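Dear colleague,

My notes on what was found follow directly after it.

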Amino acid sequence: MAALSIPLSQNGFSRSFYSAKRPQLISPLAPSLAPITCRAAVDGAEPKESLSPCKHIGTVACGLLAVWTLTNTTPVIAATQRLPPLSTEPNRCERAFVGNTIGQANGVYDKPIDLRFCDYTNDKSQLKGKSLAAALMSEAKFDGADLSEVVMSKAYAVGASFKGVDFSNAVLDRVNFGKANLQGALFKNTVLSGSTFDDAQLQDAVFEDTIIGYIDLQKLCVNPTISPEGRAELGCR
């Protein structure tokens with residue numbers, strides 16, 4: 001007999017919402033991968049627990065579920081992870097104006113979008129509402145651009161510049177904003193759950209009705225560049 005036990009919070013999928021002037025908080029799932037325990041037993045014997053890959057035929061289902069768990073808890077690309085070579089596609093920067101034709105919340109795409117080192121300064125019309133899921137944006141410039149309603153799930157934006165960008169109603173979950181310049185950015189009714197802002201510049205950034213997980217909020221509030229007004233909007237303590 002094979003069994004699988006995965007400890008999960010009883011209200012891991014519940015949401016609690018705060019006043020309109022403060023961010024909406026999503027109760028967090030575990031910040032690290034959920035421990036997976038496989039139990040296998042032969043008739044008449046005591047079950048044995050193992051954290052290693054299940055070796056019995058009866059535990060195939062356990063292995064499949066373990067793969068599902070890892071897939072659905074994959075974090076954004078780490079800043080130290082090796083990135084693919086820069087695309088040699090002649091019009092790769094223009095692909096942002098089309099976006100991913102398949103890419104949605106899980107960062108699935110028909111073809112990767114490489115926007116590294118591209119310049120979209122003050123673009124007010126061609127980026128709005130586009131799907132840029134899992135896009136590579138490091139060192140790109142979006143200063144003054146309108147990125148409202150964009151979907152940037154799992155995007156890698158380390159070192160990019162978003163000064164004064166309008167992110168209203170955008171989905172920015174699991175985005176790596178490490179060392180990005182977000183001075184004066186507008187996050188109004190923006191989904192920020194799972195995104196990281198390590199060493200990002202957030203002076204004068206506006207956080208209004210943002211949707212963010214409790215643990216993510218705690219990490220964001222550590223950033224010393226957030227203005228007192230921004231900290232009040234976020235509910236930082």
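The torsion about the S-S bond of Cys-221 and Cys-236 is about -80 degrees, so this disulfide (a pair of cysteine sulfur atoms within 2.5 Å) is left-handed. The two sulfur atoms of Cys-221 and Cys-236 lie 1.9 Å apart, and the pair links distant parts of the chain, with Cys-221 in helix α2 (residues 214–221) and Cys-236, 15 residues apart from it, in the segment after α3 (228–234). Helices (H or I, at least four residues) and strands (E, at least two) are DSSP runs, numbered from the N terminus. Both Cys-221 and Cys-236 are buried, where buried means under 20% relative accessible area, exposed over 50%, and partly exposed in between (1.4 Å probe, protein chains only).

Please bear in mind that this is a predicted model, in which local features need pLDDT of at least 70 and side-chain atom pairs count only at pLDDT 80 or more, while totals for chains, interfaces and linings use all residues. Residues are numbered from 1 along each chain as its sequence is written, and side-chain values use heavy atoms, with hydrogens and water left out.

By the distance rule, the count comes to two disulfides. The other link joins Cys-93 to Cys-118, with an S to S distance of 1.9 Å, and is left-handed as well, with -80 degrees about the S-S bond. Cys-93 and Cys-118, 25 residues apart, are both placed in the loop between α1 (60–71) and β6 (186–188), and the pair is described as linking distant parts of the chain. Cys-93 is partly exposed, at a relative accessible area of 22%, whereas Cys-118 is buried, at 2%.

Best regards
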